[in-house]
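Good morning, and thank you for making time for this presentation. I ask that you keep the model in view while I go through it.

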Amino acid sequence: MKFSIKTLAMKYIHLFILGLLPLFTIGCQAFEEDSEVPSTQKAERTVRFPLDILGGKQLGSTTRAIVDPSELTGTTEENEVDNVVLAGVAQSEFNKAGKYLQIQSGNLNRSFYFAANLSSVDQDKVKASSTPEVLELNTLDYLGVDGQLKAGSHIPMVAAIDQVKYSDFNSLGGAVQSLLVYNNLVKFTRAFAKVNLEFDVPTAYTITTVQVINVPKKFALGDALADYDEKSEAAYGYETYNLTSVVSTVTPGKKSVSFYLPEHAVKNPVKNDPDTHKMTCVLITYQANGKSHYHYVRIGFDSEFDTTYAYGKEGKVLRNFVFKRTTTLDPTKDNDKAPF
């Protein structure tokens, strides 16, 4: 069989084209698959998160019958949100006046974890961490030994937004823009609890000291440190507050004091028992009838005081919660030999 040069040329061209078809098909498929992902997801954009840093936020809940609503309205210091950083992000722009945090990111389909009011050292820990919720910080970096916020400090706060999608952001200009804004406000939660204690003091009695014992040295950003009483004393341990100087007189025969506690839990909370369970408590030492007496008040969730809030959380000091306690000094019941 004879073939002309033209026939052979056409045959090889045809085979060459057939050989290219699979590559062409694969290329088209790859382009089609890639085109299903918005280009704005792959390109690095400026991403802005509006922050809820307005005043008047609540501690705990306004539905608690035992606490007056006025006690749940945070003070200016308690509401302060400052120095916001984002976990795992080394560089960010916090604009307090504009109430937003801004980062450069090309991946919006993930979770974001925010922290506020931290020291510069702790900010760096958060920015470098892929698991910020388990970071443990030092209580006395933020609170003084009188249980009050240190000068220039605010309550550490955290916020998290989970399972974020690209569709949770919008472009202010309506078209494809370099600035994408999260659709909701990022809301923060305080990592400390607040305790408001009132106690009746007959005028014949003299207050010697008011202390808080078993205050955890450490707290976690993400959740309560569980079984704190069983942790290493060397690594964790406890502090003691001396509140004597910050006790105020409400009326003759009635005094009050407020202070902050880091969130934590003990393994076996027992309310009325010698101090073997390391529950946090207020210890009031006073003089009556020529003797020293010791009166203590346990601080932790208690169904008697905290109703349904305590269910499943007995003995726990919960973040962002107001514990209100009232008590009366009584020499006939209070120990006159030792605190416990």
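Aspartate 227 counts as partly exposed because its relative accessibility is 31%; buried means under 20% relative accessible area, exposed over 50%, and partly exposed in between, with a 1.4 Å probe and protein chains only. This is a predicted model, in which local features need pLDDT of at least 70 and side-chain atom pairs count only at pLDDT 80 or more, while totals for chains, interfaces and linings use all residues. Residues are numbered from 1 along each chain as its sequence is written, and side-chain values use heavy atoms, with hydrogens and water left out.

To stay with aspartate 227, its place is the loop between strand S13 (218-220) and strand S14 (238-242). Helices (H or I, at least four residues) and strands (E, at least two) are DSSP runs, numbered from the N terminus. Phi of aspartate 227 is near 50 degrees, a positive value in a residue other than glycine. Most residues other than glycine have a negative phi. Asparagine 289 also has a positive phi, near 55 degrees. That residue sits in the loop between S17 and S18, and asparagine 289 is exposed because its relative accessible area is 69%.

Let me turn to the chain as a whole. The protein chain has six helices and 19 strands. Of its 340 residues, 43% are buried. With contact meaning heavy atoms within 4.5 Å, 72% of the contacts between residues at least 6 apart in sequence join residues at least 24 apart.

Which residues does glutamine 287 touch, not counting those up to four places away in sequence? They are Ala204, Tyr205, Thr206, Thr208 and Ser292. Glutamine 287 belongs to strand S17 (residues 281-288), and counts as partly exposed because its relative accessibility is 31%. Its side chain and that of serine 292 are joined by a polar contact of 2.5 Å. A polar contact is a pair of N or O atoms within 3.5 Å; within protein, one must be able to donate a hydrogen and the other to accept it, and residues adjacent in sequence count only if both atoms are side-chain atoms.

Glutamine 211 lies in strand S12 (residues 206-216) and is partly exposed, with a relative accessible area of 23%. Its C-alpha atom is 5.5 Å from that of leucine 243, 32 residues away along the chain. Beyond four places in sequence, glutamine 211 touches residues including Thr240, Leu243 and Cys281.

Aspartate 52, in the loop between strand S1 (45-50) and helix H3 (69-72), counts as buried because its relative accessibility is 11%. Beyond four places in sequence, Lys57, Val81 and Phe188 are among the residues that aspartate 52 touches.

I close with the second largest pocket. On a 1 Å grid over the protein atoms alone, a pocket is an open set of points where a 1.4 Å probe fits, with protein on both sides within 12 Å along at least five of seven lines; lining residues have an atom within 4 Å of a point. S18 gives the most to this lining, with three residues. Strand S18 (291-298) and strand S19 (322-328) each supply at least two. The lining includes Tyr294, His295, Thr327 and Asp330.
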